[in-house]
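Keep the picture open as you read.

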Amino acid sequence: MRDTNGASRNLHLRKNRDLAALSLIKQSKESFVLSVLNSSPDCIKLIELDGRLSFMNHNGMCAMEIEDFSLIENSPWPDMWPEDARDMLEGAIREGKAGRATDFRAFCPTAKGVERWWQVTVSPVISSDGHVQRLLATSRDVTGEVTQARRARDAANTMEKQIAEQDLLIAQKEVLMREIDHRVKNGFSLIIGMLRMQARETHSDEARSQILDAAQRIQTLTEVHAQLYADPTKNVMDLAAYLKRLIDDLSDATGGEIYFRNVAGAPLQQKGDRALAIGFVTTELCTNARKHGGPDCRIEVELDIQDNRTFIRLSVLDDGPGLPEGFKLDAMSGLGMKICQIYASQVDGTVSAENRPGGGANFTLVCPID
């Protein structure tokens, strides 16, 4: 006869062993999961479907400066956030319950009031039967990123404000410069007109010549001023264009045509002070050629570049009587030649003179290109 009581007892023992084994496996899995969650540097929380907080990992408690989890356990998770962020939290809970993950960035101070920004991800925890059991919320401290972005934004706003202020100052400066330019040109024109009128009423040929020379020197300044102030942001000008305008005016002032030729062809940019000095030398040499060559004398001005674009060569040629025998440039004591020498030295240049083979004189200024 079979021992039914013994068989039943053995079956019961096997069931108890199986249940104990399942319990150990479950505890082992839970222990492993908790170990993983606690090892994460982020703040990880388990949120029940009604929004209550049921778990927070150790690093999360440290990040939120929470010393005792029991004080917040089962509290509504949205209530831990500032009021203006709660709608976002409640929306994330609704999305999680519907099986959808959400991600957002929001401000929330720690339990001790330290201001911090968090990048939050809320994901549904799905059971084996496909239902949402609870929600997993992961919060990462991004205060440094937000602070850096805010500083960059503030710096950009400050820069935009400074640029706007600079644009306003530039606009105001341009208006002021145009007004100054207008008044300076009017002043120059008035002085030149008065000198030329005085020359017409002067009976002495020598005095008339000196007055006209003074007027022409002021005209030289006027031409430089006009070209530089055409673009106040630049302190350079096209030397050939400047000399062309200057020589056109010299032709009118001296009563005879003066021809200009840019042998170099290309524009030659020079600073305003250097262009002014070269202009003064040109004015004096052309005036001197007209004075000694007579009203019918043909005067030519040539601008060239030499020695691999390192030197400017400016020649004033005429077909007049030429230089007298024994002529020495250094021995000339006239004001015009003194002005030539002074301004030639300002551009590290030299002035030379010689007779032309076919007749007439050739005065030449050679100076380095700036």
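D87 is exposed because its relative accessibility is 61%. Exposed means over 50% relative accessible area, buried means under 20%, and partly exposed lies in between (1.4 Å probe, protein chains only). Accessible areas come from the Shrake-Rupley method with a 1.4 Å probe, and for residues only the protein chains shown count as cover. This is a predicted model, in which local features need pLDDT of at least 70 and side-chain atom pairs count only at pLDDT 80 or more, while totals for chains, interfaces and linings use all residues. Residues are numbered from 1 along each chain as its sequence is written, and side-chain values use heavy atoms, with hydrogens and water left out.

D87 sits in helix α3, residues 83–97. Helices (H or I, at least four residues) and strands (E, at least two) are DSSP runs, numbered from the N terminus. D87 also belongs to a surface patch of negative charge, together with D79, E83, D84 and E90. Patch members have over 30% relative accessible area and no salt bridge; like charges are joined within 9 Å, and nonpolar side chains (Val, Leu, Ile, Met, Phe, Trp, Tyr) within 5 Å. Asp and Glu count as negative, Lys and Arg as positive; His and the chain ends are not counted.

Now look at opposite charges. Side chains of opposite charge can pair when their charged atoms come close. A salt bridge needs a side-chain nitrogen of Lys or Arg within 4 Å of a carboxyl oxygen of Asp or Glu. The whole structure holds ten salt bridges.

One of them joins D50 and R52, with N and O 2.5 Å apart. D50 is exposed at 53%. R52 is partly exposed at 30%. R298 and E300 form another, at 2.8 Å from N to O. Both partners are partly exposed: R298 has 36% and E300 has 21%.

D141 and R116 also pair, their closest N and O atoms being 3.8 Å apart. D141 lies in strand β5 (residues 132–141) and R116 in the loop between β3 (102–107) and β4 (117–126), so this bridge ties together parts 25 residues apart in sequence. D141 is partly exposed, at 39%.

What about the cysteines? A disulfide is a covalent bond between the sulfur atoms of two cysteines. The cut-off is a pair of cysteine sulfur atoms within 2.5 Å. The whole structure has zero disulfides. C340 is buried, at 1%, and C367 is buried, at 0%.

How values were computed
The place of a charge is taken as NZ of Lys, CZ of Arg, CG of Asp or CD of Glu.
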